Amino acid sequence: KDNSVPTVIAVRDILKIAGTKREARKILNEKKVSVNGKIVRDKNFSVCPFDILQIGNEKYDVRFSERGKLELKKCEREHFICRVEGKHGPAGLVSP
């Protein structure tokens, strides 16, 4: 997975919730972190774009920034984007 980061990196470096890797692993082992509604305890579990990362009661949406890097922003949506249904756009839409 080229466009993903491990959960320990997301908690420590991107969100800055933990100061060290040991603190980030402790948060993971306390079952406070979930990705797309599933509790994650593995420090190397990949967090990909369009996932919802939840730590405690805070939810973060994993997206690409305008510069092409992964960023996590607080979100309110309950469900994650899981698949694209149909590959055709609306009638009259011309692709570039």
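Biologist: What should I know about the numbering and the atoms used?

Modeller: Residues are numbered from 1 along each chain as its sequence is written, and side-chain values use heavy atoms, with hydrogens and water left out. The model is predicted, and local features need pLDDT of at least 70, side-chain atom pairs count only at pLDDT 80 or more, while totals for chains, interfaces and linings use all residues.

Biologist: How do you know how many helices and strands the protein chain has?

Modeller: Helices (H or I, at least four residues) and strands (E, at least two) are DSSP runs, numbered from the N terminus. By that rule the secondary structure comes to two helices and seven strands. Along the sequence the pattern reads β-α-α-β-β-β-β-β-β.

Biologist: Why is serine 4 called buried?

Modeller: Buried means under 20% relative accessible area, exposed over 50%, and partly exposed in between (1.4 Å probe, protein chains only). Serine 4 has a relative accessible area of 16%, so serine 4 is buried. Serine 4 lies in the segment before β1 (5-6). Of the 96 residues of the protein chain, 31% count as buried.

Biologist: What does serine 4 touch?

Modeller: Contact means heavy atoms within 4.5 Å. Not counting residues up to four places away in sequence, serine 4 touches Ser46, Val47, Cys48 and Leu70.

Biologist: What makes a set of residues a nonpolar core?

Modeller: A nonpolar core is a set of buried Ala, Val, Leu, Ile, Met, Phe, Trp, Tyr and Cys residues joined through side-chain atoms within 4.5 Å. The largest nonpolar core has 19 residues, of which Val11, Leu15, Val33, Leu53, Ile55 and Leu72 touch the most other members. At least two residues of this core come from each of α1 (7-14), α2 (21-29), β2 (33-35), β5 (52-55), β6 (58-64) and β7 (70-74).

Biologist: Which residues of α1 are buried, and what do they pack against?

Modeller: The buried residues of α1 are Thr7, Val8, Ala10 and Val11. They pack against β1, α2, β2, β4 and β5. Valine 11 has contacts that include Ala24, Ile27, Val33 and Ile55, with residues up to four places away in sequence not counted. After α1 comes lysine 16, whose phi is positive, near 55°.

Biologist: How do you know that β6 and β7 pair?

Modeller: Two strands pair if DSSP finds at least two bridges between them. Five bridges join β6 to β7, so these strands meet the rule, and they run antiparallel. Tyrosine 60 has lysine 74 as its bridge partner in β7, and aspartate 61 has lysine 73. The two strands form a hairpin with five residues between them, and glycine 68 in the turn has a positive phi of about 95°.

Biologist: What makes β5 and β6 a pair?

Modeller: Four bridges join β5 and β6 in the antiparallel sense, so they also meet the rule. Leucine 53 has tyrosine 60 as its bridge partner in β6. In their hairpin, which has two residues between the strands, glycine 56 takes a positive phi near 70°.

Biologist: Why is the contact of glutamate 58 with lysine 74 called a salt bridge?

Modeller: A salt bridge is a side-chain nitrogen of Lys or Arg within 4 Å of a carboxyl oxygen of Asp or Glu. The closest N and O atoms of glutamate 58 and lysine 74 are 3.1 Å apart, so the pair qualifies. The pair links distant parts of the chain, with glutamate 58 in strand β6 and lysine 74 in strand β7, 16 residues apart. Lysine 74 is exposed because its relative accessible area is 58%, whereas glutamate 58 is partly exposed at 34%.

Biologist: How many salt bridges are found in the whole structure?

Modeller: The search finds five salt bridges. Among them, lysine 32 and glutamate 30 meet at 3.2 Å, N to O, and glutamate 71 pairs with lysine 73 at 3.7 Å.
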